[in-house]
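Hi everyone, thanks for making time this morning. I'd like to walk you through one model, starting with its charged pairs, then its rings, then its strands. Please have a look at it on the screen.

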Amino acid sequence: MAVTFHRTVPIFRIFDLAKAREFYVGYAGFTVDWEHRFPGVAPVYMQVSRGGLVLHLSEHHGDATPGSTAYVEATGVRELHAELTARDYGYLRPGLDESEIGLCLELLDPFGNRLRLVEPPQ
(Lines give C-alpha, C1' and ligand atoms only; values in the text may rest on other atoms or scores of the structure.)
Protein backbone atom coordinates (compact mmCIF):
# COMPACT_ATOMS: atom_id res chain seq x y z
CA MET A 1 0.00 0.00 0.00
CA ALA A 2 1.31 3.46 -0.92
CA VAL A 3 1.72 6.12 1.72
CA THR A 4 -0.92 8.86 1.53
CA PHE A 5 -0.52 12.17 3.30
CA HIS A 6 -3.81 13.82 4.24
CA ARG A 7 -2.97 17.26 5.63
CA THR A 8 -0.24 19.27 7.27
CA VAL A 9 -0.87 21.09 10.55
CA PRO A 10 1.91 23.46 11.66
CA ILE A 11 2.53 23.76 15.40
CA PHE A 12 3.39 27.22 16.72
CA ARG A 13 4.81 27.77 20.20
CA ILE A 14 2.90 30.31 22.30
CA PHE A 15 3.66 31.75 25.74
CA ASP A 16 0.46 33.57 26.71
CA LEU A 17 -2.99 32.15 26.01
CA ALA A 18 -4.77 35.52 26.24
CA LYS A 19 -2.35 37.08 23.72
CA ALA A 20 -2.70 34.06 21.42
CA ARG A 21 -6.49 34.36 21.48
CA GLU A 22 -6.32 38.11 20.92
CA PHE A 23 -4.15 37.61 17.83
CA TYR A 24 -5.50 34.41 16.26
CA VAL A 25 -9.20 34.77 17.12
CA GLY A 26 -9.73 38.50 17.62
CA TYR A 27 -7.43 39.78 14.89
CA ALA A 28 -6.79 37.04 12.33
CA GLY A 29 -10.33 35.63 12.41
CA PHE A 30 -9.56 32.03 13.40
CA THR A 31 -11.96 29.86 15.40
CA VAL A 32 -10.87 27.78 18.38
CA ASP A 33 -11.78 24.20 17.44
CA TRP A 34 -10.64 22.57 20.67
CA GLU A 35 -8.36 23.12 23.63
CA HIS A 36 -6.57 20.53 25.78
CA ARG A 37 -4.89 20.71 29.18
CA PHE A 38 -3.73 17.91 31.41
CA PRO A 39 -5.17 18.12 34.95
CA GLY A 40 -3.61 20.64 37.31
CA VAL A 41 -1.53 23.60 36.25
CA ALA A 42 -0.57 22.44 32.78
CA PRO A 43 0.17 24.21 29.50
CA VAL A 44 -2.49 24.45 26.84
CA TYR A 45 -2.47 22.74 23.45
CA MET A 46 -5.18 23.98 21.10
CA GLN A 47 -6.33 23.91 17.52
CA VAL A 48 -7.47 27.00 15.63
CA SER A 49 -8.71 27.14 12.07
CA ARG A 50 -9.91 29.49 9.41
CA GLY A 51 -11.29 27.83 6.30
CA GLY A 52 -8.83 25.16 5.22
CA LEU A 53 -5.97 26.53 7.34
CA VAL A 54 -5.51 24.62 10.59
CA LEU A 55 -2.86 25.47 13.21
CA HIS A 56 -1.93 23.92 16.52
CA LEU A 57 -0.83 26.37 19.22
CA SER A 58 1.14 24.98 22.13
CA GLU A 59 2.50 26.27 25.43
CA HIS A 60 4.43 22.99 25.92
CA HIS A 61 8.23 23.40 26.17
CA GLY A 62 8.91 20.52 23.78
CA ASP A 63 6.61 21.67 20.99
CA ALA A 64 8.02 23.79 18.19
CA THR A 65 10.45 26.66 18.27
CA PRO A 66 9.39 30.29 18.75
CA GLY A 67 9.92 32.23 15.56
CA SER A 68 8.77 29.51 13.16
CA THR A 69 7.22 30.22 9.76
CA ALA A 70 4.37 28.48 7.95
CA TYR A 71 4.17 29.10 4.20
CA VAL A 72 0.53 28.91 3.08
CA GLU A 73 -0.70 29.18 -0.51
CA ALA A 74 -4.05 30.97 -0.60
CA THR A 75 -6.42 32.97 -2.74
CA GLY A 76 -8.03 36.24 -1.70
CA VAL A 77 -4.86 37.60 -0.08
CA ARG A 78 -5.68 41.19 -1.08
CA GLU A 79 -9.16 40.86 0.44
CA LEU A 80 -7.75 39.38 3.65
CA HIS A 81 -5.30 42.27 3.86
CA ALA A 82 -8.20 44.75 3.58
CA GLU A 83 -10.15 42.85 6.27
CA LEU A 84 -7.22 42.85 8.71
CA THR A 85 -6.34 46.48 8.02
CA ALA A 86 -9.88 47.47 8.98
CA ARG A 87 -9.54 45.79 12.40
CA ASP A 88 -8.55 47.75 15.50
CA TYR A 89 -5.36 45.82 16.33
CA GLY A 90 -2.51 48.08 17.39
CA TYR A 91 0.32 45.54 17.31
CA LEU A 92 0.47 44.73 13.60
CA ARG A 93 -0.15 46.59 10.36
CA PRO A 94 1.09 44.18 7.67
CA GLY A 95 1.68 45.27 4.12
CA LEU A 96 1.46 43.38 0.87
CA ASP A 97 4.55 42.33 -1.04
CA GLU A 98 4.44 41.27 -4.66
CA SER A 99 7.28 39.24 -6.16
CA GLU A 100 7.87 36.39 -8.58
CA ILE A 101 6.37 33.92 -6.07
CA GLY A 102 3.12 35.91 -5.87
CA LEU A 103 1.27 38.33 -3.64
CA CYS A 104 2.40 37.88 -0.02
CA LEU A 105 0.81 38.90 3.26
CA GLU A 106 2.96 38.04 6.27
CA LEU A 107 1.41 37.95 9.73
CA LEU A 108 3.73 38.01 12.73
CA ASP A 109 2.14 36.71 15.94
CA PRO A 110 3.06 37.98 19.44
CA PHE A 111 5.54 35.08 19.85
CA GLY A 112 7.59 35.68 16.70
CA ASN A 113 5.84 33.05 14.56
CA ARG A 114 5.01 33.97 10.97
CA LEU A 115 2.13 33.03 8.73
CA ARG A 116 3.34 33.72 5.20
CA LEU A 117 0.18 33.78 3.09
CA VAL A 118 0.99 33.74 -0.62
CA GLU A 119 -1.29 33.97 -3.61
CA PRO A 120 0.73 32.51 -6.50
CA PRO A 121 0.63 34.35 -9.83
CA GLN A 122 -1.96 33.14 -12.33
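Let me begin with a term: a salt bridge here is a side-chain nitrogen of Lys or Arg within 4 Å of a carboxyl oxygen of Asp or Glu. By that rule the structure holds eight salt bridges.

A quick word on where this comes from. This is a predicted model, so local features need pLDDT of at least 70 and side-chain atom pairs count only at pLDDT 80 or more, while totals for chains, interfaces and linings use all residues. Residues are numbered from 1 along each chain as its sequence is written, and side-chain values use heavy atoms, with hydrogens and water left out.

Helices (H or I, at least four residues) and strands (E, at least two) are DSSP runs, numbered from the N terminus. For accessibility, buried means under 20% relative accessible area, exposed means over 50%, and partly exposed is in between, with a 1.4 Å probe and protein chains only.

Now to the charged pairs. Which residue forms a salt bridge with Glu-22? The partner is Lys-19, and the closest N and O atoms are 3.3 Å apart.

The next pair is Arg-37 and Glu-59, whose closest N and O atoms are 4.0 Å apart. This pair links distant parts of the chain, 22 residues apart: Arg-37 is in the loop between strand S2 (31-36) and strand S3 (45-50), and Glu-59 is in the loop between strand S4 (53-58) and strand S5 (69-73). Is Glu-59 buried or exposed? Glu-59 counts as buried, at 17% relative accessibility, whereas Arg-37 is partly exposed with 40%.

Arg-78 and Glu-98 also meet in a salt bridge, at 4.0 Å from N to O. Here Arg-78 in helix H2 (residues 77-85) is linked with Glu-98 in strand S6 (residues 96-99), 20 residues apart. Arg-78 is partly exposed, with a relative accessible area of 46%, and Glu-98 is exposed at 59%. There is also a network: Arg-50, Glu-83 and Arg-87 are joined by salt bridges that share partners.

On to the rings. Rings of Phe, Tyr and Trp (its six-membered ring) pair if their centres lie within 6.5 Å; planes under 30 degrees apart count as stacked, over 60 as edge-to-face and the rest as tilted. That rule gives eight aromatic pairs. Take Phe-23 and Tyr-27: their ring centres are 5.6 Å apart and their planes are at 40 degrees, so the pair is tilted. They lie four residues apart in helix H1, about one helical turn, and both are buried. Phe-23 and Tyr-27 belong to one aromatic cluster with Tyr-24, Phe-30, Tyr-89 and Tyr-91.

Last, the strands. Two strands pair if DSSP finds at least two bridges between them. S5 and strand S8 (residues 114-119) run parallel and are joined by five bridges, with Thr-69 partnering Arg-114 in S8. Strand S7 (residues 102-108) runs antiparallel to S8, with six bridges, and Cys-104 stands opposite Val-118. What lies between S7 and S8? They form a hairpin with five residues between them, and Gly-112 in the turn has a positive phi of about 85 degrees.
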